[in-house]
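The following dialogue treats the reading of structural features, one at a time. Please consult the sequence and the coordinates while following it.

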Amino acid sequence: MGSALGAGGLDVATADKVVENVLGTYALPFALGLNVQVNGRDHLVPMVVEEPSVVAAVSNAAKMARTGGGFVAEADEPLMIAQIQVDEVPDFAAAAAAIEEHRAELLSLADGAVPALLEHGGGARDLEVRDLGDGLAVVHVIVDCRDAMGANLVNTVAEALAARIGELAGGRVGLRILTNLADRRCVRVRARVPVEALAMPDADGASVRDAIARASRFAELDAYRAATHNKGIMNGVEAVVVATGNDWRAVSAGAHAFAARSGRYGPLCIWRVAADGLLEGALEMPLALGIVGGTTRTHPGARLALEIARVETSRELAMLAGSVGMASNLAALRALATEGIQRGHMALHARSLVVPKRG
Ligand code: MEV
């Protein structure tokens with residue numbers, strides 16, 4: 001473990017192969033989130049994050065959720081969407097009909113472009129044609145990426161199909177790229193927290209529960225609050241995403257686009273008082289994560305993180321990251337709805353001020 005984490009888990013020679021013009025490496029704390037139980041299974045959670053109190057808050061809230069049975073999560077199949085833009089389409093209905101007629105040919109062309117994915121049980125699953133108006137059509141190719149995040153696979157598929165699609169649609173091919181709004185690859189997490197677990201020194205559990213439910217409502221009604229609410233969720237989610245070598249910009253882009261899908265930006269996790277008096281949380285968000293390929297393969301720290309997380313599939317990793325996001329949200333709302341976050345935050349922050357100065 002020491003050698004995987006020495007030098008921040010990545011030596012300079014390896015870093016030089018990952019990106020261009022490398023000067024060195026740049027380390028962040030690699031920590032463990034505790035008490036996280038997902039679908040009855042315990043996990044130690046690898047988290048890479050620079051903000052004090054995120055790891056402690058997740059561990060604390062996960063313990064509260066555990067008293068109510070832990071997190072119950074499900075994840076969609078690992079379906080990603082390739083987008084092929086076709087411009088100057090003279091007749092959308094005719095273009096859509098021609099593409100539909102050649103569906104089998106197009107899907108097998110897509111599969112032919114990613115033979116290694118086929119060997120692992122993935123491949124192209126579906127096609128859809130959307131009319132964006134203004135002579136612009138877009139074809140979505142749905143690709144099952146199995147345990148890969150899938151950006152390279154999906155982009156390969158988009159490029160392989162573009163010319164034929166342009167021909168069938170009678171238009172000019174434009175962009176060929178995945179969408180980060182991975183809404184076919186969502187994770188859904190639920191938790192039920194007994195009031196006793198929510199009590200604070202100065203507030204009984206039932207009043208904390210009610211205050212959390214009102215804080216959640218605030219985020220549903222106000223985009224300004226929803227942005228901060230979701231930032232608290234991403235504190236947990238992204239720490240797992242970074243630790244496991246996944247693309248956090250892709251995850252952020254997808255999460256925030258999903259949060260705005262109704263036309264109004266809203267919270268990715270909401271909390272209600274259930275009929276039996278428990279606090280009940282529900283989170284839904286896209287999470288396109290991989291456990292094979294890319295940085296998950298080249299970064300020794302990411303490989304170690306995946307071993308620690310004990311996940312066998314990309315879907316299990318998404319369920320774990322989603323659960324950590326929910327824990328992070330619960331901890332933030334409980335603190336904000338009662339004593340405020342500054343007291344606990346500053347106590348942990350004080351530790352960071354005693355870090356010894358160098359030379
Ligand atoms: C700080 O990193 C995150 C919070 O602002 C989240 C929230 O307000 O819910 C505390």
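This is a predicted model: local features need pLDDT of at least 70, side-chain atom pairs count only at pLDDT 80 or more; totals for chains, interfaces and linings use all residues.

**Reading the model**

Q: Which residues lie nearest the centre of the largest pocket, and how many residues line it?

A: The largest pocket is lined by 49 residues, and those nearest its centre are Gly245, Asn246, Trp248, Thr295 and Thr296. A pocket is an open set of points on a 1 Å grid over the protein atoms alone, where a 1.4 Å probe fits, with protein on both sides within 12 Å along at least five of seven lines; lining residues have an atom within 4 Å of a point. Elements giving two or more residues to this lining include helix 2 (12-18), helix 7 (151-169) and helix 10 (223-243). Helix 11 gives the most, with 4 residues. Helices are DSSP runs of H or I with at least four residues, strands are runs of E with at least two, and both are numbered from the N terminus.

Q: How many salt bridges does a search of the whole structure find?

A: A salt bridge is a side-chain nitrogen of Lys or Arg within 4 Å of a carboxyl oxygen of Asp or Glu. The search finds 23 salt bridges. In one of them, Asp42 and Arg66 meet at 2.6 Å, N to O. Because Asp42 lies in strand 2 (residues 41-48) and Arg66 in helix 3 (residues 54-67), this pair ties together parts that are 24 residues apart in sequence. Arg164 and Glu167 form another, at 2.5 Å from N to O; the two are 3 residues apart in helix 7, which means a separation of about one helical turn. Salt bridges with shared partners also join Glu74, Asp76, Arg188, Arg261 and Glu284 into one network.

Q: Is Asp87 buried or exposed?

A: Buried means under 20% relative accessible area, exposed means over 50%, and partly exposed lies in between, with a 1.4 Å probe and protein chains only. Asp87 has 17% relative accessibility and therefore counts as buried. Asp87 is placed in strand 4 (residues 79-87). Contact means heavy atoms within 4.5 Å; leaving out residues up to four places away in sequence, Asp87 touches Gly135, Leu136, Gly171 and Arg172. The C-alpha atoms of Asp87 and Leu175 are separated by 9.6 Å, although the two are 88 residues apart along the chain.

Q: What does Arg209 contact, apart from its neighbours within four places in sequence?

A: Arg209 is in contact with Val195, Leu198, Val273, Gly277, Leu278 and Leu279. Arg209 belongs to helix 9 (residues 205-221), and its relative accessible area of 14% makes it buried.

Key:
Residues are numbered from 1 along each chain as its sequence is written. Side-chain values use heavy atoms; hydrogens and water are left out.
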